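Biologist: I'm new to reading protein models. Could you walk me through one, feature by feature?

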Amino acid sequence: MKNLKIAIQKSGRLNEKSVQLLKNCGLDFENYKSSLITSVANFPLEILFLRDDDIPGYVEQGIADLGIVGENVIDESEAQVSYVKRLGFGKCTLKLAVPKDSKIEDLKDLNGKAIATSYPVILKNFLDEYQITADIRLISGSVEISPGLGLSDAICDIVSTGGTLKSNGLKPFADVRRSEAILIGRKGLEDNLILTELVQRIESVLLAKE
Ligand code: PRT
Ligand code: ZN
């Protein structure tokens with residue numbers, strides 16, 4: 001049977017836990033920071049190390065068969081992939097937040113306002129659901145400083161501890177979407193025997209943790 005390829009984050013918040021999960025599944029591989037692909041010695045799998053933003057698209061196109069990535073990144077990409085297994089790490093919430101002294105109190109107060117985010121697709125869908133029309137400003141990083149610079153009235157960004165919001169004088173005011181790391185697979189892979197074996201091992205690892 002042909003080896004499967006799994007894409008995981010090369011560096012960043014999900015890298016270490018993704019590597020650890022695969023190692024805990026008994027997979028024997030070298031984790032060289034410099035190589036972008038590595039093969040597993042004792043399992044028919046190759047591991048690709050990518051930017052997380054590229055993972056959903058690679059899996060959709062079948063360049064990788066599987067991927068480990070945050071649900072927020074999958075939704076934002078709108079890639080057509082199968083959700084195989086929630087992994088219980090990388091938990092966070094995409095939230096709307098406003099400056100502490102802001103008059104914005106209700107979702108409808110966002111009408112006509114400028115909202116800075118790195119997640120324009122998810123935010124647009126959310127606002128459409130509540131029939132709110134706002135000016136979505138795409139910012140790729142440090143979204144939290146934009147209200148203080150007069151660039152936006154609100155932000156929509158990932159929050160885990162809430163410390164970053166607080167230190168930038170912002171308060172969370174609505175949850176847009178929860179997220180955690182998830183194993184995704186390309187469409188049509190569902191009955192693959194290698195995948196079935198990998199998922200069984202992942203389930204045992206997750207159970208042992210409970
Ligand atoms: O380089 P690459 O593109 O691969 O990585 P990246 O920089 O885009 O992503 P990375 O590594 O920062 O995050 C990867 C994934 O981790 C995200 O897509 C989320 O699914 C998940 N995750 C979990 C988080 C956080 N927690 C998190 N706290 N992603 C980002 N943050 C940031 C957030 O953007 C904000 O700036 O941390 C700050 C807030 O943290 P708190 O603890 O102060 O609330
Ligand atoms: Zn990224």
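Modeller: The zinc ion (ligand 2) is coordinated by Asp52 (OD) and Asp53 (OD), at 2.1 Å. Donors here are N, O and S atoms within 2.8 Å of the metal (3.2 Å for Na, K and Ca), and water is not among the atoms, so sites may look incomplete. Keep in mind that this is a predicted model: local features need pLDDT of at least 70, side-chain atom pairs count only at pLDDT 80 or more, and totals for chains, interfaces and linings use all residues. Residues are numbered from 1 along each chain as its sequence is written, chains are lettered from A and ligands numbered from 1 in the order in which they are written, and side-chain values use heavy atoms, with hydrogens and water left out.

Biologist: What is the geometry of the site of the zinc ion (ligand 2)?

Modeller: For four tetrahedral donors, the ideal angle at a metal is 109.5 degrees. Four donors count as tetrahedral if all angles lie between 85 and 135 degrees; four count as square planar and six as octahedral if opposite donors are over 155 degrees apart and all others between 65 and 115; anything else is irregular. Here the four donor atoms make angles of 77 to 170°, and the site is irregular.

Biologist: What does Leu45 touch, leaving aside its neighbours within four places in sequence?

Modeller: Contact means heavy atoms within 4.5 Å. Leu45 lies in strand β3 and is buried, at 0% relative accessible area. Among its contacts are Asn3, Ile6, Leu27 and Val40.

Biologist: How many aromatic pairs are there?

Modeller: Rings of Phe, Tyr and Trp (its six-membered ring) pair if their centres lie within 6.5 Å; planes under 30 degrees apart count as stacked, over 60 as edge-to-face and the rest as tilted. By this rule there is one pair. The ring centres of Phe126 and Tyr130 are 5.0 Å apart and the planes are at 50°, so the pair is tilted. Phe126 is buried at 9%, and Tyr130 is partly exposed at 43%.

Biologist: Last one: which loop holds Glu78, and what is its phi?

Modeller: Most residues other than glycine have a negative phi. Glu78 has a positive phi of about 60° although it is not a glycine. Glu78 lies in the loop between α3 (71–77) and β5 (82–86), and Glu78 is exposed, at 51% relative accessibility.

Key. Buried means under 20% relative accessible area, exposed over 50%, partly exposed in between (1.4 Å probe, protein chains only). Helices (H or I, at least four residues) and strands (E, at least two) are DSSP runs, numbered from the N terminus.
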